[in-house]
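Me: I would like to go through the strand pairing and helix packing of this model, with each term set against its definition. Could you begin with what the pairing of strands rests on?

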Amino acid sequence: MKKAELLITQAWQTQSPWLNTLAPLSSLYGVVGRVRKSLYDNHTLTKYHAPIPVMVIGNITVGGSGKTPLIIALVRYLQQKDIKVGVISRGYGRESKNPTLVQKNSTPKEVGDEPCLIVNETFVPMAVGANRGQAIDLLMESYPDLQLIISDDGLQHYALHRDVEWIVVDGMRGFGNGKLFPQGFLREPLDRLTGATIIYHDSRAERYADDALLMHLISGRPMPLLASDTSLMPQKIYAVSGIGYPVRFFKTLSDLGFEVVEKPFGDHHAFDIDDLLDLTDLPIITTTKDAVKLRELAKDIPHAIFDNIWVLPVQMVLSESVYRQMDAVLDRFDIA
């Protein structure tokens, strides 16, 4: 399954001609999606309405677009303004299906890798669950003074009523061949952007209008997975990633001066020691999201390989227009 995922991801990146054979499946995918959305829009199916405003941050493409670093940046901004914000997520890849609070000591198996990263970085109140309404109920029961809930992804979870939608668009990938999954990497057609706030993930600000909502990642020097006392200087390395769009990660390392040997795994890959044992001759650099899982693996299976793993720290930089847009959301709902 993971090999098939990597194969189709690489085909999307190169816009391989064989993807045309998947056109019938894409047509079916589009019909099912439209019918499902219409059932919620015309109230045939019931939506969950939270007692406080809900802001969904998602995308219309498969794979990473920078949502998680954006949410971390927004949560920090809101916390600085003393806004009581909570976060919900599906918690992709976790073992339980029941709604669960994310704690500082939660593991990726319990809550998912991205929720672990978000809480480790911000200490924000957070709950995960496939049923977003149940996750919100659990979160509000535990933190009744919350003023705003941010949903990490969930754009296509139409069972959840949302008051605000922000859609992240990856300026590097764009929309590929413009086709729906699986022929392309669109989850929904491009007209889904209408009416939503669009946040562009792109460092090339000159490509956009002056009032465009922009964000981009900056990175520091790789730091040890199990320590924090020194950084890794440029050299030949293995770049190990289990993220949706690893090309940006590989390019960042190249831009920092590293000679990159690419080792991509599927998105949210559950790492095992066997994934690493053949990579002992060079240092390994991984992402902050993957580091959450690798640290847990190191606890379960102590091995010298973990002393050879480094983590690339990243931070999302938001344009002033993004912060103004966030302030407009607060004003709209009289959140002070």
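Reply: Two strands pair if DSSP finds at least two bridges between them, where strands (E, at least two residues) and helices (H or I, at least four) are DSSP runs numbered from the N terminus. In strand E13, the bridge partner of Ile 284 is Ile 309. The model is a predicted one, in which local features need pLDDT of at least 70, side-chain atom pairs count only at pLDDT 80 or more, and totals for chains, interfaces and linings use all residues. Residues are numbered from 1 along each chain as its sequence is written, and side-chain values use heavy atoms, with hydrogens and water left out.

Me: How do you know that E12 and E13 pair?

Reply: Strand E12 (residues 284-286) and strand E13 (residues 309-311) are joined by 3 bridges in the parallel sense, and because at least two bridges are required, they pair.

Me: What makes E9 and E11 edge strands?

Reply: The order of this open sheet of 5 strands, whose pairing is mixed, is E9-E13-E12-E10-E11. Strand E9 (223-224) and E11 each have a single partner strand, so one side of each is left without a neighbour in the sheet.

Me: What is the β-α-β unit made of, and which hand does it have?

Reply: E10, helix H7 (residues 246-255) and E11 make up the unit, and it is right-handed, which means that, with the strands pointing away from the viewer, the path from the first strand over the helix to the second runs clockwise. Strand E10 (residues 236-241) and strand E11 (residues 259-264) pair in the parallel sense over 6 bridges, with Val 261 of E11 as the bridge partner of Tyr 238.

Me: Why is H3 called oblique to H9?

Reply: The axes of helix H3 (residues 67-80) and helix H9 (residues 320-332) come within 12 Å and cross at roughly 60°. Such axes are lines fitted to C-alpha atoms, for helices over the stretch in contact, with angles running from 0 to 180 degrees between N-to-C directions. Angles under 35 degrees count as roughly parallel, over 145 as roughly antiparallel, 65 to 115 as roughly perpendicular and the rest as oblique, and therefore H3 is oblique to H9.

Me: Which residues make the contact of H3 with H9, and how do they divide?

Reply: Leu 74, Tyr 77 and Leu 78 of H3 meet Tyr 323, Met 326, Asp 327 and Leu 330 of H9, contact being heavy atoms within 4.5 Å. They divide into 6 nonpolar, no polar and 1 charged, where Ala, Val, Leu, Ile, Met, Phe, Trp, Tyr, Cys and Pro count as nonpolar, Asp, Glu, Lys and Arg as charged, and the others, Gly among them, as polar.
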